[in-house]
Amino acid sequence: MAETFLVWKPLFIALMGGVLPSLVWLWFWLRADKNCPEPKGLIAISFFAGMAIVYFALPLQKLAISSLPIIMTAVDTVTLKFSLITISEETIKITLWALIEEFSKYATVLFIAFKSRHFDEPIDAVVYLITAALGFAAMENTFYILKDLTETGGATALLNGNLRFVGATIAHVTSSAFVGIAIAFSFRCPWFIKTPAVTLGLFLATLLHAYFNLSIMEAYGTKETLLVFARFWGVILVIIVLLQMIKRLQKTCTIN
């Protein structure tokens, strides 16, 4: 019995450290839709689906790594032909990983929440995408904390868990929020406007996510790491302003 407990203890701690912070963030963002809240069941499904989609994103990311030589050959050819700035293999890899994650979160919400009859307001797009993003971040954080617990010990896992709470989780939220915002502003538009809007949202989300990952990799020491986080707190403020604009857009559409 004691051996079973010792085996499950790191997993339990990792789950608590990965999931609970995301639930705190979820509570914060759901307050943006408190006047007309979404069904709790659909929110829960979107959250857990966001967690589950990690298992589908990982094989795609491994495939991207194995395909890097071919991709880099094509990139180098285009760069040379048009005299563009050389892009490193690491940048290409991180950007591809970000694209896979952002598209995975979007696809999750597309098939679960966007098909629901409850998806009836522009702000719903942001709410469901942030929910799925927090689920994705929760599972990803759980993996990282579990790895730290098994390899380096509790103190390192606790420190990294706190950093991912304020850092990586914000990166997931802000990136997916921009996809939701793009959908929200094109909510009542025809498909030939919605499609470019979603594409633009995914493009911006990918760049933002890749920028965060590359910045963290290049940051040296706590001060530089916190500066990266601070930039994304600024992005959070921009998102809050855009959410207020979406709410006003909803009221206008309702009046009309």
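Predicted model: local features only at pLDDT ≥ 70, side-chain atom pairs only at ≥ 80, totals over all residues.
User: How many helices and strands does the chain have?
Analyst: The chain has ten helices and zero strands, and its pattern along the sequence is α-α-α-α-α-α-α-α-α-α. Helices (H or I, at least four residues) and strands (E, at least two) are DSSP runs, numbered from the N terminus.

User: Which residues of H3 and H4 meet?
Analyst: Ala64, Ile65 and Ser66 in H3 meet Leu68, Pro69 and Ile71 in H4, where contact means heavy atoms within 4.5 Å. The residues of this contact divide into five nonpolar, one polar and no charged. Ala, Val, Leu, Ile, Met, Phe, Trp, Tyr, Cys and Pro count as nonpolar, Asp, Glu, Lys and Arg as charged, and the others, Gly among them, as polar.

User: Why is Ile92 called buried?
Analyst: Buried means under 20% relative accessible area, exposed over 50%, and partly exposed in between (1.4 Å probe, protein chains only). Ile92 has a relative accessible area of 13%, so Ile92 is buried. Ile92 lies in helix H5 and, leaving aside its neighbours within four places in sequence, is in contact with Leu68, Ile71, Met72, Val75 and Ile87.

User: Why does Leu58 count as partly exposed?
Analyst: Leu58 has 36% relative accessibility, so Leu58 counts as partly exposed. Leu58 is found in helix H3. Leu58 and Ile100 are 42 residues apart in sequence and 8.9 Å apart in space, C-alpha to C-alpha.

User: Is Ser83 buried or exposed, and what makes it so?
Analyst: Ser83 counts as exposed because its relative accessibility is 66%. Ser83 is placed in the loop between H4 and H5, and has a positive phi of about 55° although it is not a glycine.

User: What makes the pair of Glu140 and His172 a polar contact?
Analyst: The side chains of Glu140 and His172 make this contact at 2.8 Å. A polar contact is a pair of N or O atoms within 3.5 Å; within protein, one must be able to donate a hydrogen and the other to accept it, and residues adjacent in sequence count only if both atoms are side-chain atoms. Glu140 is found in helix H6 and counts as buried, because its relative accessibility is 13%.

User: Which residues touch the most other members of the largest nonpolar core?
Analyst: They are Trp29, Tyr106, Phe114, Ile183 and Ile239, in a core of 56 residues. Such a core is a set of buried Ala, Val, Leu, Ile, Met, Phe, Trp, Tyr and Cys residues joined through side-chain atoms within 4.5 Å. H6 gives the most to this core, with twelve residues.

Technical notes: Residues numbered from 1 in each chain as written. Heavy atoms only, no water.
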